[in-house]
Amino acid sequence: MVTTSSKDVILGIAGKELRSFLGNPTGYVFLTLFIALCAGAAFWPREFFDRNLADLATLNRQMPVILMLFVPAITMTLWADERRAGTDELLLTLPVRDTEVVLGKFLGAVGVLSIGLAFSLANVGVLAYLGEPDVGLMFSTFLGYWLMGTLFVAVGMIGSLLTTNVTVAFVLGVLGCAAFALAQSVAIGGGVIGVALLAGLASLGWLVAFGSGIHAGYAALVGAFVGVVLWLGDVVPGFTGLFGAFDAPSHFASFGEGVLRLGDVVFFAGGTAVALYLCGLLLSRRHW
């Protein structure tokens, strides 16, 4: 249960993160690039005019990759910058719960994402000028964008929590989001993603167990080796298909068609909750 004081703490941290991003000129550069990429992906392909339909099907195919690059740019400073500056120690000594800190930073990043998506609604205005877009279809499409983006935000937060270097945090965030954005986009995508996820889980397990990043890389190598054996050795039949089920575009497809499926909503919401739980677990481990 969230009390009034907890709500104030969460909203306070969220507001701080939102002001921090919007108070930096770099933040506006990222937002401008996001809006431009969305517009280009929606209307630049000749297919948009050939289809003669007032929808965002051309943007839907590219949005997972756009979010894969945009969201880590939001999350890369959430933890890494504070750890580099040493302000995270001050934050963790304040009378606030780890859950409140995690949720506050998450909501701040989601706020930035929501602002970017709000500006990209201009694409709907262009559709309305050219034709008659279906309101329900536009609603479900942007809801799908938002849900996929929130999942990527939670994943990107883990990458930022694992390092003090902002650039490394961005790279880790992109790799983590790529695990969901590209699982079925390439022939061996599911297998590669499975290996990467096992490596990441092994590294996280080491951090949780020992509270130190020292030798976590070796744990990741062990996890990757196990994944390669399971995949190429055909020890687990359907290994590639198993991790291919984590493909975010597949779960987003129904939103782009104007259909809200409970299973797809649960996939994004559940994945976000698991990632946030891991953030809280890693953060609490620093107190031990």
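User: Let's begin with the whole fold. How many helices and strands does the protein chain have?

Analyst: Happy to start there! The protein chain has 15 helices and zero strands. Of its 288 residues, 45% count as buried. Keep in mind as we go that this is a predicted model.

User: Now helix pairs. What angle do α2 and α4 make, and how far apart are their axes?

Analyst: A helix pair is read from an angle and an axis distance, and the angle can then be given a name. Helix α2 (residues 25–43) packs on helix α4 (residues 57–75) at about 165°, and their axes are 9 Å apart. Angles over 145 degrees count as roughly antiparallel, so α2 is roughly antiparallel to α4. The crossing in which α2 passes α4 is right-handed.

User: Which residues make that contact?

Analyst: On the α2 side they are F30, L31, F34, L37, C38, A41 and A42, and α4 supplies T58, L59, Q62, M63, I66, L67, F70 and A73. By class, that contact has 13 nonpolar residues, two polar and no charged.

User: How does α4 meet α7?

Analyst: The axes of α4 and helix α7 (residues 98–119) come within 10 Å and cross at roughly 135°. That angle makes α4 oblique to α7. The crossing of α4 and α7 is right-handed. From α4 come L67, F70, V71, I74 and T75, which meet A109, V112 and L113 of α7. Sorted by class, those residues are seven nonpolar, one polar and no charged.

User: And what does the packing of α9 and α14 look like?

Analyst: Here the angle between α9 and helix α14 (residues 248–256) is about 155°, with the axes 8 Å apart. The two are therefore roughly antiparallel, and α9 passes α14 in a right-handed crossing. In α9, the residues L137, S140, T141, L143, G144, Y145, L147, M148 and F152 meet A248, F252, F255 and G256 in α14. This contact divides into nine nonpolar, four polar and no charged residues.

User: What is L59 in contact with?

Analyst: Setting aside its neighbours within four places in sequence, L59 is in contact with C38, A41, A42, I66, N123 and Y145. L59 is also one of the α4 residues in the contact with α2.

User: Is F48 buried or exposed?

Analyst: F48 lies in helix α3 (residues 46–51). Buried means under 20% relative accessible area, so F48, at 5%, counts as buried. Not counting residues up to four places away in sequence, F48 touches A42, F43, L53, D55, T58, L127 and L130. From C-alpha to C-alpha, F48 and L59 are 9.4 Å apart, and eleven residues separate them in sequence.

User: Where is P72, and what does P72 touch?

Analyst: P72 sits in helix α4 and counts as buried at 0% relative accessibility. Beyond residues up to four places away in sequence, P72 touches L67, F170, G173, V174 and C177. P72 and C177 are 105 residues apart along the chain, yet their C-alpha atoms are separated by 8.2 Å.

Key:
Residues are numbered from 1 along each chain as its sequence is written. This is a predicted model: local features need pLDDT of at least 70, side-chain atom pairs count only at pLDDT 80 or more; totals for chains, interfaces and linings use all residues. Side-chain values use heavy atoms; hydrogens and water are left out. Axes are lines fitted to C-alpha atoms, for helices over the stretch in contact, and angles run from 0 to 180 degrees between N-to-C directions. Helices (H or I, at least four residues) and strands (E, at least two) are DSSP runs, numbered from the N terminus. Angles under 35 degrees count as roughly parallel, over 145 as roughly antiparallel, 65 to 115 as roughly perpendicular and the rest as oblique. A crossing is left-handed if the near helix is turned anticlockwise from the far one by less than a right angle, and right-handed if clockwise. Contact means heavy atoms within 4.5 Å. Ala, Val, Leu, Ile, Met, Phe, Trp, Tyr, Cys and Pro count as nonpolar, Asp, Glu, Lys and Arg as charged, and the others, Gly among them, as polar. Buried means under 20% relative accessible area, exposed over 50%, partly exposed in between (1.4 Å probe, protein chains only).
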